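Me: I would like to learn how to read the features of a protein model, one at a time. Could you take me through them slowly, giving the general idea before the case at hand?

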Amino acid sequence: MLRFNFLGFPIVIHWVFWLTMALLGGVFRATDDPEAMKRVLVWVVAGFLSIFIHELGHALTMRHYGARRVEIVLHSFGGYAMPDRRFGRSESFFVSAAGPFLQIAAGVVMWWIMDAWRPADMLGLHFMKSFVNVSIIWAVLNLFPIIPLDGGHIMQALLGPQRQKIALTISIVCAVGFGILAVFFGQIFVVIFFAIFAFNNWKQLRGEPPAMMP
């Protein structure tokens, strides 16, 4: 695992993160094509920067609300920020919303830059397009009301601790619905993760611990 510090935050990047990003970038289709492999590497770097900005949004907001130590972990096709304290409902709402908000903002800024100035180098243009796609599309997906996505945590904060069964029920319905929709678009990875989310939510609804986490 890669470990370093940034702005006082301990950062951990698991090898599975790099593997997942490479798979999503089409590494298997690029094994015999050096130019295609370069595009995969550019995609991985763009995805890493976008997701890192997302988690930094969570971490900075946690620090604002009094967390003294926040560790950022990148794993699978996303990540999470682990604070040393718990937050109230309003704090949890803003903590959860800060990640996708900052990520979308970064994507919009890159979109403006790309519109005003397009690099002659094709890899540079591919980086910018990849960054915009991950920053906006993935952030929007992350706002779906599905636990444990940020949208699910926002829903939990809005409903409060007395309505968590309602939140879990909504999460299951949305995970199944969006999973079925993803089948028609051929997004197998998305289908797998939505299936895991739905199964874990169902276990939690029955009062059991999650069977697996992505």
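Me: Which residues form a nonpolar patch on the surface, and how much accessible area do they have together?

Reply: Keep in mind from the start that this is a predicted model. To read a patch, we look for nonpolar side chains with over 30% relative accessible area that can be joined within 5 Å. Here Leu 2, Phe 4, Phe 6, Leu 7, Trp 15, Trp 18, Leu 19 and Leu 60 form such a patch on the surface, and together they have about 730 Å² of accessible area. Strand E1 and helix H1, which spans residues 15–24, each supply at least two residues of this patch. One member, Phe 6, is found in strand E1, and with a relative accessible area of 34% Phe 6 is partly exposed.

Me: How many aromatic pairs does the structure hold, and how should I read one of them?

Reply: The structure holds 14 aromatic pairs, and each is read from the distance between the ring centres and the angle between the ring planes. Phe 4 and Phe 52, for example, form a tilted pair, with 6.5 Å from centre to centre and 35 degrees between the planes. Because Phe 4 lies in strand E1 (residues 2–6) and Phe 52 lies in helix H2 (residues 34–64), this pair ties together parts that are 48 residues apart in sequence. Phe 4 is partly exposed at 30% relative accessible area, whereas Phe 52 counts as buried at 9%. An edge-to-face pair is formed by Trp 43 and Trp 138, whose centres are 6.1 Å apart and whose planes make an angle of 75 degrees. This second pair also links distant parts of the chain, since Trp 43 is in helix H2 and Trp 138 is in helix H4, 95 residues apart. Trp 43 itself is buried, with a relative accessible area of 14%.

Me: Which residues form one aromatic cluster?

Reply: Phe 4, Phe 6, Phe 17, Trp 18, Phe 48 and Phe 52 form one aromatic cluster. A ring may also have a charged side chain over its face, as with Phe 9, where Arg 63 lies at 3.9 Å from the ring centre.

Me: How many salt bridges does the count come to, and what is the idea behind them?

Reply: Side chains of opposite charge can pair when their charged atoms come close. In this structure the count comes to four salt bridges. One of them joins Glu 35 and Lys 38, whose closest N and O atoms are 3.4 Å apart. Because Glu 35 and Lys 38 are three residues apart in helix H2, they are separated by about one helical turn. Both ends are partly exposed, Glu 35 at 41% and Lys 38 at 40% relative accessibility. Another salt bridge brings together the side chains of Arg 85 and Glu 91, at 3.3 Å from N to O; Arg 85 is partly exposed at 32%, while Glu 91 is buried at 19%. Lys 203 and Glu 208 also meet in a salt bridge, at 2.7 Å from N to O, and salt bridges that share partners join Lys 203, Arg 206 and Glu 208 into one network.

Me: Which residues of helix H5 are buried, and what do they pack against?

Reply: A residue counts as buried when its relative accessible area is under 20%. In helix H5 (residues 150–159) the buried residues are Asp 150, Gly 151, Gly 152, Ile 154, Met 155 and Ala 157, and the buried residues of H5 pack against H2, H3, H4 and helix H6. Just after H5, Gly 160 takes a positive phi of about 85 degrees.

Key. Residues numbered from 1 in each chain as written. Predicted model: local features only at pLDDT ≥ 70, side-chain atom pairs only at ≥ 80, totals over all residues. Heavy atoms only, no water. Phe/Tyr/Trp six-rings, centres within 6.5 Å; stacked < 30°, edge-to-face > 60°. Helix = DSSP H or I, 4+ residues; strand = E, 2+ residues; numbered from the N terminus. Buried < 20%, exposed > 50% of the residue type's maximum accessible area, 1.4 Å probe, protein only. Lys NZ or Arg CZ within 6 Å of the ring centre and 35° of its normal. Patch = residues over 30% accessible without salt bridge, like charges linked within 9 Å, V, L, I, M, F, W, Y side chains within 5 Å. Areas by Shrake-Rupley, 256 points an atom, 1.4 Å probe, with all protein chains shown as cover. Contact = heavy atoms within 4.5 Å.
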